[in-house]
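Take a moment with the picture, then read on.

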Amino acid sequence: MDELMRQRRVYGTDHDDPHPGPRPGHDYRELVGGPLDGLLLDVTGWSDEALREGAGLVTEIGAYGPGGRAEYGPRSIDGHQWDWRGDVR
């Protein structure tokens with residue numbers, strides 16, 4: 001794991017977590033654009049189908065505030081970057 005990846009925060013970790021970065025042995029996708037830009041998403045154990053579909057991630061900083069979700073999906077089949085698709089309720 002390179003130094004840049006170690007410095008990144010993983011989606012879902014608490015802001016006061018002393019180790020908010022990626023953990024060895026886990027698989028991550030980089031979130032690009034939208035309210036969660038720059039965070040890493042832990043996709044360890046996800047099925048191939050789930051990895052192709054992407055995810056709606058709960059966030060309070062999206063267009064719909066608390067309870068809203070930011071939709072992210074793969075840029076390419078084997079890509080480790082997931083692009084923002086928009087915010088949903």
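Leu57 stands opposite Ala70 in strand S4. The model you see is a predicted one, in which local features need pLDDT of at least 70 and side-chain atom pairs count only at pLDDT 80 or more, while totals for chains, interfaces and linings use all residues. Residues are numbered from 1 along each chain as its sequence is written, and side-chain values use heavy atoms, with hydrogens and water left out.

Let's start with the parts list. The protein chain has 2 helices and 5 strands, and from the N terminus on they run α-β-β-α-β-β-β. Helices (H or I, at least four residues) and strands (E, at least two) are DSSP runs, numbered from the N terminus.

Now for the pairings, listed below. Two strands pair if DSSP finds at least two bridges between them.

| Strands | Direction | Bridges |
|---|---|---|
| S3 (residues 55–58) and S4 (residues 69–74) | antiparallel | 4 bridges |
| S1 (residues 28–32) and S5 (residues 81–88) | parallel | 3 bridges |
| S4 and S5 | antiparallel | 6 bridges |

A hairpin of 6 residues joins S4 to S5. Strand S3, for its part, has two faces: Ala55 and Leu57 lie on the covered one, Gly56 and Val58 on the uncovered one.

## A buried valine

Which loop holds Val43? Val43 sits between strand S2 (40–42) and helix H2 (48–53). Val43 counts as buried because its relative accessibility is 2%; buried means under 20% relative accessible area, exposed over 50%, and partly exposed in between (1.4 Å probe, protein chains only). Leaving aside neighbours within four places in sequence, Val43 is in contact with Asp27, Tyr28, Arg29, Leu51 and Trp82, where contact means heavy atoms within 4.5 Å. Val43 and Asp27 are 16 residues apart along the chain, yet their C-alpha atoms are separated by 5.6 Å.

## The whole chain

Finally, step back. Of the 89 residues of the protein chain, 30% count as buried. The C-alpha trace spans about 35 × 35 × 20 Å along its principal axes. Among contacts between residues at least 6 apart in sequence, 36% join residues at least 24 apart.
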